[in-house]
Amino acid sequence: ALVVFTKVLLDYLQRHEPSLRTMVKQVASECIQRNRERHPDYTCLQTVLKDRMRQVVGDVHWNRVKLIILYAKQQSSSTSRRNQSAAAQKHHHPPKRTPPPP
């Protein structure tokens with residue numbers, strides 16, 4: 001989930017705040033490097049990355065990205081339900097009616 005969030009965050013920042021995008025990438029690199037060096041404060045990489053990235057971008061951008069992801073999930077599930085319904089209707093064959101006896 002953090003990988004997807006980070007990708008969307010970087011894409012969002014590319015359009016709206018390119019300088020923050022650069023800072024987020026630097027923070028991520030720093031966190032990864034310290035984790036590899038087994039620094040005690042960086043053992044849980046996901047938590048540290050999330051906290052540090054949020055500090056850099058602030059709550060406004062952070063929450064906007066969360067809304068973008070939520071909206072995309074809703075659109076995806078809505079499209080999926082429509083496709084499933086259309087497929088079900090396409091493959092649905094009404095029962096054959098037999099003519100009444102003479």
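This is a predicted model: local features need pLDDT of at least 70, side-chain atom pairs count only at pLDDT 80 or more; totals for chains, interfaces and linings use all residues.
The chain holds three helices and zero strands, and from the N terminus on its elements run α-α-α. Of its 102 residues, 21% count as buried.

At 1.5 Å a residue, the 15 residues of H1 should span 21 Å, and the end C-alpha atoms of the helix are 20 Å apart, which agrees. The buried residues of H1 are Leu2, Phe5, Thr6, Leu9, Leu10, Tyr12 and Leu13. Seen down the axis of H1, these buried residues fall within an arc of 165°, so they line one face of the helix. Val3, Val4, Lys7 and Arg15, on the other side of H1, are exposed.

In H2, the residues Leu20, Val24, Val27, Ala28 and Cys31 are buried. They cover an arc of only 100° around the axis, which puts them on the same side of H2. Exposed residues on the other side of H2 are Ser19, Gln26 and Arg36.

H2 is followed by Arg38, a residue that lies in the loop between H2 and H3. Most residues other than glycine have a negative phi. The phi of Arg38, in contrast, is near 65°, a positive value in a residue other than glycine. With a relative accessible area of 72%, Arg38 is exposed, the cut-off for this class being over 50%.

A pair of aromatic rings is described by the distance of the centres and the angle of the planes. A search of the whole structure finds one aromatic pair. This pair is formed by Phe5 and Trp62, whose ring centres are 4.4 Å apart and whose planes stand at 50°, so the pair is tilted; planes under 30 degrees apart would count as stacked and those over 60 as edge-to-face.

Rolling a probe the size of a water molecule over the atoms shows where empty space is left. The largest pocket has a volume of about 190 Å³, and its lining consists of Ala1, Leu2, Val4, Phe5, Lys50, Trp62, Lys66, Ile69 and Lys73. H1 and H3 each supply at least two residues of this lining, and the largest share, five residues, comes from H3. By class, the lining of the largest pocket has six nonpolar, no polar and three charged residues. Among the lining residues, Phe5 and Trp62 are the partners of the tilted pair, while Leu2 is one of the buried residues of H1 and Val4 is one of the exposed residues on the other side of that helix.

Definitions and conventions. Residues are numbered from 1 along each chain as its sequence is written. Side-chain values use heavy atoms; hydrogens and water are left out. Rings of Phe, Tyr and Trp (its six-membered ring) pair if their centres lie within 6.5 Å; planes under 30 degrees apart count as stacked, over 60 as edge-to-face and the rest as tilted. Helices (H or I, at least four residues) and strands (E, at least two) are DSSP runs, numbered from the N terminus. The expected span of a helix is 1.5 Å times one less than its number of residues. Buried means under 20% relative accessible area, exposed over 50%, partly exposed in between (1.4 Å probe, protein chains only). The arc is that of the directions from the helix axis to the C-beta atoms. On a 1 Å grid over the protein atoms alone, a cavity is a set of points where a 1.4 Å probe fits but cannot get out, and a pocket is an open set with protein on both sides within 12 Å along at least five of seven lines; lining residues have an atom within 4 Å of a point. Grid points are joined across faces, edges and corners, and a volume is the space filled by probe spheres set on the points. Ala, Val, Leu, Ile, Met, Phe, Trp, Tyr, Cys and Pro count as nonpolar, Asp, Glu, Lys and Arg as charged, and the others, Gly among them, as polar.
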